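Colleague: I'd like to learn how to read this one with you. Could you walk me through it, feature by feature?

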Amino acid sequence: MPFASLGLQPDLVQSALEQGYTQPTAIQNAAIPAILQGGDVLATAQTGSGKTAAFCLPLLQQWLSRPRGILRQPQALVLLPTRELAAQVGEILRDLAQALPRKLKVAVVYGGVSINPQMMALRGGADIVVATPGRLLDLLDHNALRLSAVKTLVLDEADRLLDLGFADELGSVLDRLPPTRQNLLFSATFPPAVRALAEKLLNQPLRIDIEQTAATAPDILQRAIEVDADKRTLLLRHLLAANNWDRVLVFVASRQAADRVAGKLHRNGVSAAALHGDCSQSQRGQVLADLKSGRLRVLVATDVAARGIDIARLPLVVNYDLPRSPVDYTHRIGRTGRAGARGEAISFVSADCAAHFKLIEKRQQLRLTRERIDGFEPTEASAPAASLTDPDGNGGIKGKRKSKKDKLREAAARQQSGDN
Ligand code: AMP
């Protein structure tokens, strides 16, 4: 179905075309008409499915169809878990609004930077606010904006919002919104906490569950390479030299590891930089821009810093340190294979995290062949799964022993202490 038949007005169809969106994705086909009709929506959609435009295009149409109030109070509020995501959604809204007959004012607000410029930016009001919850509350406390005119609330990456401990902030924001409004909730996964939030928040929502069919499933080749922990940087350099990947996102477990691995690559002639929570907002923006422009080849990042970032045509994700949880695995590899492009995700599996990786595979319903690279064959023996992460032999799911998360954490810490 073309965009025009989804109920979008010609200006917005044109905006989508100018972004290179010729055909709507599955989530766009399902969500756009429903949002335009004004109902609540609960969508489970993976990252890379086109979900951002699925809510941005209807938000813009709704904004165009309403008169601009004298005070220019925000009509829509988009809440996201990280500053990168907030910046990205703000950018997409601005891009889509570029050629519209009215000038859109989007305010993007997030923590970790000075609040003053954001307060200044809100002075003349804003049409749409894109925010992380904590900073939004700070701004509300400073009377920098009011939410009383909000007609549509979007919670994007709702599972991450809850994972990152934003439940209380979310509650406080909800309390300040008008009770009658449209609610749109997007989440990559649908754990009980998201279900509870959806039940509390949504009013007879249209449930959209985009199945991972061949057409929508990201085309990601997943690989697992066995290697000793202290040979991982060398192996990474070897793989970079042997393949012509132009952009690579490497995940590590800590800020220190990000600096260390990026530093080693850099000293060996690979253009690499680190991205983690200690980086200033301008550093983050700069390294992402450098990666996108091709000035940087490798970005070594921690999970928090890399959550949700959209790097067009990212061919490869490397799990240098394994993710702590299967959900993080999904998020990490979802950075590649976006919008129909092919991607590859390589996990380095060293002996001390072999059982940990099995657990991830089990939860992903995945079984990857263990590869070995000539010259990098592991010399350390894997600890038997049962002794390391699965003492009760039931996949670590039941019983009163350590939680799965604890085990994954321990394995990540062990792996890091053997880090080179
Ligand atoms: P998202 O799932 O919103 O993070 O989107 C993933 C990527 O898909 C982004 O780079 C978008 O620019 C791109 N995208 C969104 N909608 C379309 C579409 N209809 N056709 C092609 N690419 C799209």
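Colleague: Let's start with a helix pair: which residues in helix 14 meet which residues in helix 15?

Modeller: Some ground rules before that. This is a predicted model, where local features need pLDDT of at least 70, side-chain atom pairs count only at pLDDT 80 or more, and totals for chains, interfaces and linings use all residues. Residues are numbered from 1 along each chain as its sequence is written, and side-chain values use heavy atoms, with hydrogens and water left out. Helices (H or I, at least four residues) and strands (E, at least two) are DSSP runs, numbered from the N terminus. Contact means heavy atoms within 4.5 Å. On that basis, P326, Y329 and T330 of helix 14 meet F357, I360, R363 and Q364 of helix 15. By class, that contact has four nonpolar, two polar and one charged residues; Ala, Val, Leu, Ile, Met, Phe, Trp, Tyr, Cys and Pro count as nonpolar, Asp, Glu, Lys and Arg as charged, and the others, Gly among them, as polar.

Colleague: At what angle do helix 14 and helix 15 pack?

Modeller: Axes are lines fitted to C-alpha atoms, for helices over the stretch in contact, and angles run from 0 to 180 degrees between N-to-C directions. Here the angle is about 80 degrees, and the axes are 9 Å apart. Helix 14 and helix 15 are therefore roughly perpendicular to each other (under 35 degrees counts as roughly parallel, over 145 as roughly antiparallel, 65 to 115 as roughly perpendicular and the rest as oblique).

Colleague: Are the faces of strand 4 covered or open?

Modeller: Buried means under 20% relative accessible area, exposed over 50%, partly exposed in between (1.4 Å probe, protein chains only). Both faces of strand 4 are covered: I128 and V130 are buried on one side, V129 and A131 on the other.

Colleague: Last topic, backbone angles. What is the phi of E157?

Modeller: Most residues other than glycine have a negative phi, and most peptide bonds are trans. E157 has a positive phi of about 50 degrees; this residue is in the loop between strand 5 (152-155) and helix 7 (158-163).

Colleague: Where does Q204 lie?

Modeller: Q204 is in the loop between helix 9 (192-201) and strand 7 (206-209), and its phi is also positive, near 40 degrees. With 75% relative accessibility, Q204 counts as exposed, while E157 is buried at 4%.
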